[in-house]
Every structure is written in structure tokens, then in C-alpha cells.
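Reader: I would like to learn how to read a structure of this kind. Please take me through it feature by feature.

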Amino acid sequence: MITAYHRPQTLDEALTLLAQPNTLPLGGGTLLSASKADSVSVVDLQALGLSTIAPKGNELEIGATVTLQQLFESEHCPAALKSALKLEAPLNLRNSATVAGTLVACDGRSSFAASLLALDAKIEQAIFDHSNIEYRISNIGEFLPLRSTRLITKITLPLNAAFAFEYVARTPSDKPILCAALAQWTSGRTRLAVGGWGKSPSLAMDGTESEGIETAARNACHEAADEYGSAEYRMEAAATLAGRCLENFRTP
Ligand SMILES: Cc1cc2nc3c(=O)[nH]c(=O)nc-3n(C[C@H](O)[C@H](O)[C@H](O)COP(=O)(O)OP(=O)(O)OC[C@H]3O[C@@H](n4cnc5c(N)ncnc54)[C@H](O)[C@@H]3O)c2cc1C
């Protein structure tokens, strides 16, 4: 239950408030406002100017409070990432849920988190260090298992990687039973992430080329059994989807 609400105007003010016990950042509030947790104070981030999407060189900088729908509608959003965003949540939810809140709250079925894992997104978090604001950057692969509660200010994606996303689900708009997200750089570097079960999507491959991608996809699903599918099913589906992602690069 939310028992105190703050709307700071500066990052300094926000970090000071967030240093108080039982105080959490409020993104879109779609999860936090439904929380049954004892009592929580929230720090609304909407006045901090963290809602811009800006290309910078080979990267796309996405402010923490950008909503999923804003990103979906951005001309800079890769087409395959739009498919993943559409699957992440229905329109009403996408209009409120923020990119940062979604990453903090996601589970292994998140098509958005799987996509960002393949793209090797960078997460910027702000902290106070001796009264100065310091920014720490981590790879999404480091962030997801720990979900540090530090304030996320920005997420950065590469714009110089080809990106493909494929999935299987019970219905076209349902969360995936299995999804595969593939990013490939001109150097040949190839990253495959798979999702659809568990607490977080998994990185199946980060190699210098795409050779062996189907085997890597299968191997990532060895323990992927849950009520929606067996590990054997997911291993076969992952190999097929990884192959389809590669095909997408050949026939854009
Ligand atoms: C009808 C409905 C269906 C839903 N279905 C799903 C679902 O299928 N799967 C799913 O995973 N979730 C689901 N949710 C939960 C929720 O909508 C999503 O997780 C959403 O993407 C959270 O984003 P938000 O911006 O609203 O986060 P909030 O609710 O604002 O916050 C979520 C968490 O992220 C933290 N946070 C927010 N912003 C930051 C930041 N900048 N830095 C650090 N921490 C931050 C908060 O402190 C909180 O712990 C559903 C919610 C509703 C209402």
C-alpha cells in the first residue's frame, strides 16, 4: 500500500528521498500501485526529464520513464523490437508502463527483456557518492539476475546491430511460451537470448559468428520446463526460432 507520494523536481531531490527506508521509485505505477506490501513511500520520476528517446551516434538512449508505447511509436525503434513490445503488454498497459519499471519487474516471459538482453543493452543507474551524483553503467546481463534497486536513469541500445525477434505463444497476443531475440553486428558478433520461462530470459550465445546458433539455442533450454511447456519442446522450438531469426537477416 502506498502511504506517501513524492514528486521531486530534481535528481538530487529524488536520490535524497530514495535514500529513506521503504521508499521506491515510481515508474508507470502499474505494478507498484497494486502492491500489497506493508507500506511504501513512492518517488514519482515523471518530473525529472527522463522521458526522451534520442539517437546518439550508433546508440539509442532511452530515458527511464519512457513508456513502452512511446518507444513502440518512436521512429528510432527497430521493427523487430516493436513486435517484442507489442507482446510485452496490451496497449493500455503500454501507455503507462515505463521501460525501467518493466525491466525491474519482468520475469522470464518478458519479450522486452529478452530483446534487450540480445542487444546487450546498457543500464545507467544514479547513486549518491559523498553527496555527488554518480552514474554507474551495467550490462543488462549483469543487471537482470540481481535487479539492484538503484534508480535507473537511462537504457542504451545499439543502433548498429541487425535485430530479429521470433516467438511461439498460445495466441498471437499471449506472452510467449518461447521467444528468441537475435542481434548481429557487422563484425559478426552474434548474441542470442531466449525467454518464456523462469525469472529472467537467458543469454544462449555471445559469439563472434552465428555458427552453432541452433545448438546454443537448444542448450539454453535444458531446464526450461514449466506448466506451459516441457524442456524438450522448448529446446526444439528454440532451435527453430533461432534459425528463423537468422533467416530474417538474409531476407529482410
Ligand atoms: C493488468 C496488468 C497486467 C500485468 N501483466 C504483467 C505481466 O504479464 N508480466 C509482468 O511482468 N508484469 C505485469 N504487470 C505488471 C506491470 O504492469 C509491469 O511489470 C510494468 O511493465 C511495470 O512498469 P511500471 O513502469 O508501471 O513500473 P512500476 O509499477 O512503477 O514499478 C515496478 C517496479 O520497478 C521499480 N522502478 C520503476 N521505475 C524505476 C526506475 N527508474 N529505477 C529503478 N526502479 C524502478 C519500482 O520501484 C517497482 O519496484 C501487469 C500489470 C497490470 C495492471
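**Backbone, ligand and core**

Author: Start with Asn 22, which sits in the loop between helix 1 (11-18) and strand 2. Helices (H or I, at least four residues) and strands (E, at least two) are DSSP runs, numbered from the N terminus. Residue numbers start from 1 along each chain as its sequence is written. This is a predicted model, where local features need pLDDT of at least 70 and side-chain atom pairs count only at pLDDT 80 or more, while totals for chains, interfaces and linings use all residues.

Reader: What is phi of Asn 22 near?

Author: Most residues other than glycine have a negative phi. Asn 22 has a positive phi, near 50°. Arg 147, also not a glycine, has a positive phi of about 45° and is placed in the loop between helix 7 (140-146) and strand 8.

Reader: Is Asn 22 buried or exposed?

Author: Count the other C-beta atoms, placed from the backbone, within 10 Å of the residue's own: 20 or more is buried, 12 or fewer is exposed, and in between is partly exposed. Asn 22 has 12, so it is exposed. Arg 147 has 13 and is therefore partly exposed.

Reader: How many residues surround the ligand?

Author: A residue is near a molecule if its C-beta atom, placed from the backbone, lies within 6 Å of it. Here 26 residues surround the ligand, and the closest are Gly 27, Gly 28, Thr 30, Ala 97 and Gly 101. Helix 5 gives the largest share of this shell, five residues.

Reader: Why does the ligand shell lie between domain 1 and domain 2?

Author: Domain bounds come from an automatic or database domain assignment. Domain 1 (2-44) and domain 2 (53-158) both give residues to the shell, so it lies between them. The protein also has domain 3 (161-250).

Reader: Which residues touch the most other members of the largest nonpolar core?

Author: In soluble globular proteins, nonpolar side chains tend to be buried together. A nonpolar core is a set of buried Ala, Val, Leu, Ile, Met, Phe, Trp, Tyr and Cys residues joined through C-beta atoms within 7 Å. The largest one here has 74 residues, and Ala 180, Leu 192 and Val 194 touch the most other members. Not counting residues up to four places away in sequence, Leu 192 touches residues including Ala 118, Ala 180, Ile 213 and Ala 242 (contact: C-beta atoms, placed from the backbone, within 7 Å). Ala 242 is also one of the buried residues of helix 9.

How values were computed
Contact = placed C-beta atoms within 7 Å.
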